[in-house]
Amino acid sequence: MDDQNHQEVTVRDNPERGRFDVLVEETHAGFSMYKDVEAAPAGQRIFYHTVVFDEFEGRGLASILTRTALSTSVQAGHRIVAVCPYVKKWLTTHHDFDEATDAASAEHLKALR
């Protein structure tokens, strides 16, 4: 996948750090933090913080990162809980994730402490 500058963009799950990393030409450009919680009937993945480093802003990386992170998570069987303001806003215009998204609750916020 390429960014708006036609540079190679890669998104990788980094479960040891609880995040997805976005790389541009193998240089770390940002991340989206998550925490997995068990909830019946399926596990949930809470996305709570997304960052694209200043030198990479304006390339559409946050959207690429978010789409890939959510798609990968749903394919792995997780339901999505958006606490991160960016992910919450992104979901309002990307309705292909509506069926896999759960509203954030006080229990989700408690799990992040």
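Analyst: Let us begin with Gln-44, which is buried, with a relative accessible area of 9%; buried means under 20% relative accessible area, exposed over 50%, and partly exposed in between, calculated with a 1.4 Å probe on protein chains only. This is a predicted model, in which local features need pLDDT of at least 70 and side-chain atom pairs count only at pLDDT 80 or more, while totals for chains, interfaces and linings use all residues. Residues are numbered from 1 along each chain as its sequence is written, and side-chain values use heavy atoms, with hydrogens and water left out.

User: Which side chains make a polar contact with the side chain of Gln-44?

Analyst: A polar contact is a pair of N or O atoms within 3.5 Å; within protein, one must be able to donate a hydrogen and the other to accept it, and residues adjacent in sequence count only if both atoms are side-chain atoms. The side chain of Gln-44 makes such a contact with the side chain of Asp-102 at 2.7 Å, and another with the side chain of His-108, also at 2.7 Å.

User: Where is His-108 placed, and is His-108 buried or exposed?

Analyst: Helices (H or I, at least four residues) and strands (E, at least two) are DSSP runs, numbered from the N terminus. His-108 sits in helix α3, residues 106–111, and counts as buried because its relative accessibility is 9%. Leaving aside residues up to four places away in sequence, His-108 touches Val-37, Gln-44, Ile-46, Val-81 and Ala-103, where contact means heavy atoms within 4.5 Å.

User: How many salt bridges does a search of the whole structure find?

Analyst: Side chains of opposite charge can pair when their charged atoms come close. A salt bridge is a side-chain nitrogen of Lys or Arg within 4 Å of a carboxyl oxygen of Asp or Glu, and the search finds 5 of them. In one, Asp-21 pairs with Arg-19, with the closest N and O atoms 2.6 Å apart; Asp-21 is buried at 8% relative accessibility, and Arg-19 is buried at 11%. In another, Arg-45 meets Asp-36 at 2.6 Å, N to O; Arg-45 is buried at 5%, whereas Asp-36 is partly exposed at 36%.

User: Which parts of the chain does the pair of Asp-96 and Arg-67 link?

Analyst: Asp-96 forms a salt bridge with Arg-67, their closest N and O atoms being 3.0 Å apart. This pair links distant parts of the chain, since Asp-96 is in the loop between α2 (85–91) and β6 while Arg-67 is in helix α1, 29 residues apart. Asp-96 counts as exposed at 55% relative accessibility, and Arg-67 as partly exposed at 32%.
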